[in-house]
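Morning, everyone. I have one structure to walk through today, so let me put it on the screen.

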Amino acid sequence: MKLYEPVTLAMPLARKLGEFIVEKGRLPNGEELRAVLREMGLEESCLDRSMAVFRSRFLVAIAFPRETVVIDVIPSSGELSDALEVIAYRDRKLESFIVEIVPANDLEYEGNIGIEPVIINEKNLTLESNPVLGHFEEDGEGLFLVIDPKTHERWKSEGDVHVCPICGGELAWKGKKAYCRDCGYGVKVVGE
Ligand SMILES: [Zn+2]
């Protein structure tokens, strides 16, 4: 997996945290969160009692595993306007676990990265929202968010597949691939 901009880490990370919660019925602890970040190809470069710093060639991720799990993803260039925050927490009122991606600079952003936050019912551990998350793959045409057919089906029936899950811009579909003129990323449906 190539990690260039914060979104290329934030979206697969949010998906992975959602899968972890569905499997275990709780949020990851510090140790488990660090394992997830290492699995995503990041190198651990500093560990303190309250936070861990990870890096790849283009990104720096700072994880704060507390009652609310917070991971800040910053370009290693230091360009903070592209920074994103992945947050996972238990919402007692909604009796659900929530995983969401929040832009550090949300003034310019109108949509929701991933269309909707991950909302998992804490009683039966089922997904109650319509998040469009996946991992990024590069091909001859560019960098694509790869989603599975299940995610695509749910998105088609509950949402608008012409809204880019990365930037909120307009997506143009051509078969199983979609292109966004606003952010330059695409979306690709892969799998059976
Ligand atoms: Zn876009």
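Look at Ala-172. It stands opposite Tyr-179 in E11. Strand E10 and strand E11, residues 177-180, pair in the antiparallel sense over four bridges. For the terms: strands are DSSP runs of E, at least two residues, and helices are runs of H or I, at least four, both numbered from the N terminus. Two strands pair if DSSP finds at least two bridges between them.

Before I go on, this is a predicted model: local features need pLDDT of at least 70, side-chain atom pairs count only at pLDDT 80 or more, and totals for chains, interfaces and linings use all residues. Residues are numbered from 1 along each chain as its sequence is written.

Back to the strands. E10 and E11 belong to an open sheet of five strands, in the order E8-E9-E12-E11-E10, with mixed pairing. Which are the edge strands? They are E8, 135-139, and E10, 171-174, and each pairs on one side only.

Now the domains. The domain assignment gives domain 1, 6-121, and domain 2, 135-189. Those bounds come from an automatic or database domain assignment. The C-alpha centres of the two domains lie 21 Å apart. Ten residues of domain 1 are in contact with eight residues of domain 2. Contact here means C-beta atoms, placed from the backbone, within 7 Å. On the domain 1 side of that contact, six residues are nonpolar, three polar and one charged. Nonpolar covers Ala, Val, Leu, Ile, Met, Phe, Trp, Tyr, Cys and Pro; charged covers Asp, Glu, Lys and Arg; the others, Gly among them, are polar.

Next, the core. The largest nonpolar core has 49 residues. Such a core is a set of buried Ala, Val, Leu, Ile, Met, Phe, Trp, Tyr and Cys residues joined through C-beta atoms within 7 Å. Its largest share, nine residues, comes from H1. Beyond four places in sequence, Ala-61 is in contact with residues including Leu-9, Phe-54 and Val-73.

Last stop, Arg-26. It lies in the loop between helix H1, 6-24, and helix H2, 30-39. Is Arg-26 buried, exposed or partly exposed? It is partly exposed, because 13 other C-beta atoms lie within 10 Å. The cut-offs are 20 or more for buried, 12 or fewer for exposed, and partly exposed in between. The C-alpha atoms of Arg-26 and Arg-90 are separated by 8.5 Å, though the two are 64 residues apart along the chain.

Note on methods
Two residues are in contact if their C-beta atoms, placed from the backbone, lie within 7 Å.
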